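Hi,

Here is the model I promised to pass on.

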Amino acid sequence: MPRNRTVRLAVLGSSVQRAAPSGFPSSRSSALKRRIVVGLLVLASLVLITVSFRSSALDGVQGTGATVLRPFEVAADRIARPFADTIGWFRGLVDAKNENEKLRGQNEALRRQLILDEGALQENVQLRKALNFVGPPSIADFDKVHTTVVANSQGAVDESVVIGAGTSNGVQTGSVVVEPLGGPDGSGALVGTVDRVFSHESRVTLLTDSESAVTATDVTNPSVIGAVRRGGGSSDVLILDRVPKIPVVRVGDTIVTAGSLGTGPLESKFPRGIPIGTVASRSASDTTLFQNIQLKPLVDFSSIQNVVVLVPKKGQ
Amino acid sequence: MMDGVKAALVLFVAVLLQLSVLTEYRLFRTASIVLVALLSIALLRGSIFGAVAGFMTGFLLDTGTLGTLGITSLLLTLGGFWIGRYGETTARDRFHAPYVSVAVVTALYLFGQLVLQFMLGEPAPAGLVAHGVPGALVLNLILTLPVYALIRRLFPPLELGDRIREVRLLG
C-alpha cells in the first residue's frame with residue numbers, strides 16, 4: 001500500500017468488482033422475470049402476425065379498434081389544421097404573384113378549350129344515342145362515396161392511406177378511389193384502389209405503390225396504350241410503360257385510365273377516362289422497344305385530404 | 001401504476017400525432033415521434049416497462065393504419081426492451097444516451113420492418129429504405145431534444161432512495 005493512503009481508500013480502491021447498481025424497478029426483478037416478459041410479448045407479436053396475415057380472424061378486432069381510434073384522429077387533425085393552414089398560407093404568399101400571372105394565362109386558354117369541348121361533348125352524346133353505342137363503363141356508372149383521409153402514409157416505404165368509409169358505405173376490396181375535384185362528373189384524378197376493407201374504414205393502396213399499376217391511354221391519341229406505375233425513384237414521378245415507339249406521345253398530353261371493353265376475366269376494374277397525369281418527358285433509345293415516358297401525377301400523393309370511392313350502383 | 005397511466009397517455013397522443021398530423025407533411029413523413037417517445041420512456045423506466053409499452057404502442061399503430069397486426073408490436077417490443085436494458089445498465093445520467101438510442105433504433109427499426117415485410121412476401125424496396133434512413137435519423141434526432149426533455153419531466157429519474165433496496169457492508 002502506498003504511503004499516505006488510508007485503509008478506507010485501500011478498500012474502495014481495491015480490485016474487487018462491485019455488483020452493478022440496480023437503478024430501476026424492473027432491474028430489481030430477476031433476469032428470469034425479464035426474459036419471461038419479453039419472451040411472452042415477442043411470442044404474442046408473432047402469433048398476431050401469423051393470425052393477422054393468414055386469416056381474417058382479427059379483422060373484427062382491428063376494425064373496432066380503428067373505429068374507436070377514428071374520432072381521436074379526426075380531433076387531432078382538426079386541432080392541427082389551423083397551424084397547417086397558416087403554414088400553407090405563408091408558403092403560398094411567397095410565389096403567389098408569379099403563379100397568379102401564369103394561372104391567368106392558363107385560365108384564358110382553358111376557357112377557349114372548354115367552349116370547344118362542350119361542343120364536342122354534345123356531338124358525342126347525340127352520336128352515341130343515334131348509333132345506340134355501348135361503351136366501356138365510365139365514372140357515371142358508379143355511385144360515389146365522399147370521405148376523408150383519417151391516417152396518412154407512414155414512413156418512406158408505405159404508400160397507403162386509411163379512409164373513413166367501409167363496407168357499411170358499399171366500399172369493397174378493389175374499389176377505385178379518386179380525388180373529389182377536377183375531373184369529369186365532379187370526380188378528379190386517380191388516387192388508388194382499396195386493398196383492405198372494414199366496416200367503417202378502408203385502406204387504400206396509392207397509385208405510387210410499387211405493386212400498383214393501371215392500363216392507361218393518351219386523351220389526344222387513344223392508340224397509345226400502356227401501363228402507368230411508379231417510377232424507379234421518387235413517388236412524385238409515375239411512368240407510362242410498355243408504349244411502343246410508333247404512336248406519338250407529346251409532352252403535356254393528359255393520360256387517363258384506359259378501362260376495358262366487355263366483362264371478361266381480364267376486365268379492368270378502373271373505369272375509362274379517369275385522369276392520371278400529364279406527360280412530363282418522353283424519350284426513346286435505339287436499344288429499347290418502348291418509349292420512356294414520365295408522368296407528372298395530377299394528385300399530390302403526399303397531402304390527400306378528401307377522396308371519392310367509386311362503388312357499384314345500388315341494384316347492380 | 002401512475003407511470004403506466006402517464007405512459008399510456010403520452011404514447012396515445014404520440015400515435016395520434018404520428019397518424020394524423022406529422023405524416024401529413026412530406027418532410028416529416030420519415031420521422032417517428034412514437035419511436036422517440038417510446039425510447040425516451042424505456043430509457044427512463046427500464047426494460048420491462050419499455051417492452052410492454054412497445055407492444056401496446058405497436059398494436060395501436062397497426063390498428064390505426066389497418067396494417068398487419070403484430071409487425072410494429074414486435075419491432076417496438078424489442079426496441080423498448082433493448083433501450084430499457086441500456087438505460088438500466090450503462091446509460092444512466094449520460095447526456096448522449098437518448099440520442100444514441102434513437103439513432104441506433106431508428107436505423108434498426110427501418111431495416112427490421114423491411115426484413116419482416118420481405119419475409120411476409122410484401123413489397124420490400126431496400127433502396128427506398130436505405131435512401132430514407134438519413135432523413136429519418138436527422139428528423140428523429142431533432143425530435144429527441146424536445147420529446148426527451150418533456151418525457152424526463154413527466155418521468156423524473158428515480159430517486160436514490162427508490163433505487164437502493166439493500167446495502168452491502170464492506171469489511
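One term before anything else: by a nonpolar core I mean a set of buried Ala, Val, Leu, Ile, Met, Phe, Trp, Tyr and Cys residues joined through C-beta atoms within 7 Å. Keep in mind too that this is a predicted model.

With that in hand, the largest nonpolar core has 110 residues, and the members that touch the most others are A:Val178, A:Val191, B:Ala37 and B:Leu38. The biggest contribution to this core comes from helix H2 of chain B (residues 33–45), which gives eleven residues. As for B:Ala37, its contacts, leaving out residues up to four places away in sequence, are B:Val10, B:Leu11, B:Ala14, B:Val147 and B:Ile151.

Now chain A. It has five helices and twelve strands, and of its 316 residues, 33% are buried. If you take the contacts in chain A between residues at least 6 apart in sequence, 59% of them join residues at least 24 apart.

Six of the strands in chain A close into a barrel, in the order S1-S2-S5-S4-S3-S12, with antiparallel pairing. From one strand to the next the twist averages 45 degrees. To pick out one pair, S4 (residues 190–197) and S5 (residues 202–206) of chain A run antiparallel and share five bridges. Within that pair, A:Val194 sits opposite A:Val204.

Then there is the contact between the chains. On the chain B side 45 residues are in contact with 49 residues of chain A. Helices H1 (2–21), H3 (47–65), H4 (71–88) and H6 (126–154) of chain B each supply at least two residues to that side. H3(B) gives the most, with nine residues. By type, the chain B side divides into 21 nonpolar, 16 polar and eight charged residues.

Just after H3(B) comes B:Leu66, with a positive phi of about 55 degrees, although B:Leu66 is not a glycine. B:Leu66 belongs to the loop between H3 and H4 of chain B. Is B:Leu66 buried or exposed? The cut-off for buried is 20 or more other C-beta atoms within 10 Å, and B:Leu66 counts as buried because it has 27 such neighbours.

A:Asn132 also has a positive phi of about 55 degrees without being a glycine. A:Asn132 is in the loop between helix H5 (96–131) and strand S1 (142–151) of chain A. A residue is exposed at 12 or fewer C-beta neighbours, so A:Asn132, with 6 other C-beta atoms within 10 Å, is exposed.

Last item: A:Gln291, in the loop between strands S10 (275–283) and S11 (292–297) of chain A. With 23 other C-beta atoms within 10 Å, A:Gln291 is buried. Setting aside residues up to four places away in sequence, A:Gln291 touches A:Val243, A:Lys245, A:Val249, A:Arg282 and A:Ala284. A:Gln291 and A:Val224 are 67 residues apart in sequence, and their C-alpha atoms are 11 Å apart in space.

Cheers

How values were computed:
Residues numbered from 1 in each chain as written. Chains lettered and ligands numbered in written order. Predicted model: local features only at pLDDT ≥ 70, side-chain atom pairs only at ≥ 80, totals over all residues. Pairing = 2+ DSSP bridges. Helix = DSSP H or I, 4+ residues; strand = E, 2+ residues; numbered from the N terminus. Axes fitted to C-alpha atoms, helices over the stretch in contact; angles between N-to-C directions. Contact = placed C-beta atoms within 7 Å. Nonpolar A, V, L, I, M, F, W, Y, C, P; charged D, E, K, R; others polar.
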